[in-house]
Amino acid sequence: MVTQVAQNRQKGEKAQTLVSRISDHLRREIVTAKYIPGDRLPSEAELGRQFEVSRTVVREAIAILRSNGLVEARKGSGVFVLDPRDAKQDHPFADLSSDRISEVIELLEMRSAFEIRSAGLAAARRSSSQIESILRAHNVVGELMEAEEWPYEADFQFHYEVAVATQNKRFPQFLSMIRSGIIPRKDLSGADERRRIHPNPHLHKEHALILQAIVDGDSEAAEQAMKVHLEGALDRYRKLLRESLIV
């Protein structure tokens with residue numbers, strides 16, 4: 001019998017996106033000078049073997065580093081490390097934070113337009129293997145909620161897998177770029193109960209409707225399900241903001 005400790009560890013591993021894990025690992029190695037400016041990163045194939053992932057996953061991780069100004073691709077030569085001191089700190093999402101309710105609301109408003117379309121494209125273009133990936137992420141959310149654990153990382157994984165299923169690489173790239181503002185802290189600034197974030201009790205059911213529409217290949221239903229899901233989140237955060245302002 002698998003121990004509870006092993007089960008919890010497996011859930012955590014499933015919940016964390018492979019793309020983010022690899023990009024974070026490489027970022028640390030660049031910042032700590034394991035790779036210095038001018039060094040060539042290992043090839044996609046080499047990194048894929050090292051992390052035991054597909055080249056597509058590696059490519060997405062590298063794309064995040066490129067968007068942060070930490071590496072550059074040179075045609076025919078590979079990917080090279082830039083000086084982290086010169087890394088872009090002024091790109092549009094450099095200051096993303098989930099510490100303030102107002103910023104979470106801003107990001108949710110933008111995500112509504114982006115992810116509603118993402119769900120529709122996923123329903124029209126998804127492959128069988130991508131449906132399985134979305135289903136796995138969906139199941140992790142359910143397992144964590146049943147265990148009364150925070151499902152935020154797993155929630156991100158579900159949305160990420162939907163983005164991958166669009167067959168448009170820019171969707172998962174963009175979602176990864178704004179990831180730091182998507183995963184909220186369990187409370188905001190350690191404040192009282194009025195500012196405390198509680199998991200959406202309907203999260204798993206709302207995801208199920210999105211998943212079913214994608215499985216059915218129904219773009220209109222997928223977009224509507226995603227719209228209900230994200231607008232519900234917006235309503236909850238707006239209510240939280242209003243309540244936090246009451247003295």
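Residues are numbered from 1 along each chain as its sequence is written, and side-chain values use heavy atoms, with hydrogens and water left out. In this predicted model, local features need pLDDT of at least 70 and side-chain atom pairs count only at pLDDT 80 or more, whereas totals for chains, interfaces and linings use all residues. Helices (H or I, at least four residues) and strands (E, at least two) are DSSP runs, numbered from the N terminus.

**The packing of helices H7 and H10**

- Two packed helices are described by the angle between their axes and the distance between the axes.
- The axes of H7 and helix H10 (residues 203–216) come within 12 Å and cross at roughly 15°; axes are lines fitted to C-alpha atoms, for helices over the stretch in contact, and angles run from 0 to 180 degrees between N-to-C directions.
- H7 and H10 are therefore roughly parallel to each other (angles under 35 degrees count as roughly parallel, over 145 as roughly antiparallel, 65 to 115 as roughly perpendicular and the rest as oblique).
- Asp 155, Phe 158, His 159 and Val 162 of H7 make the contact with Leu 203, His 207, Ile 210, Leu 211 and Ile 214 of H10, where contact means heavy atoms within 4.5 Å.
- The residues of this contact divide into six nonpolar, two polar and one charged (Ala, Val, Leu, Ile, Met, Phe, Trp, Tyr, Cys and Pro count as nonpolar, Asp, Glu, Lys and Arg as charged, and the others, Gly among them, as polar).

**The loop between H7 and H8**

- Thr 166 is found in the loop between helix H7 (152–164) and helix H8 (170–177).
- Thr 166 is buried, at a relative accessible area of 0% (buried means under 20%, exposed over 50% and partly exposed in between, with a 1.4 Å probe and protein chains only).
- Apart from neighbours within four places in sequence, Thr 166 is in contact with Ser 118, Leu 121, Ala 122, Arg 125 and Phe 171.
- Gln 167 has its place in the loop between H7 and H8 and is partly exposed, with a relative accessible area of 43%.

**Positive phi values**

- Most residues other than glycine have a negative phi.
- Gln 167 has a positive phi, near 65°.
- Glu 148 has a positive phi near 60°, lies in the loop between helix H6 (128–146) and H7, and counts as exposed at 74% relative accessibility.

**Strand E1**

- Ala 73 belongs to strand E1 (residues 71–74) and is partly exposed at 45% relative accessibility.
- Leaving aside neighbours within four places in sequence, Ala 73 is in contact with Arg 66, Gly 78 and Val 79.
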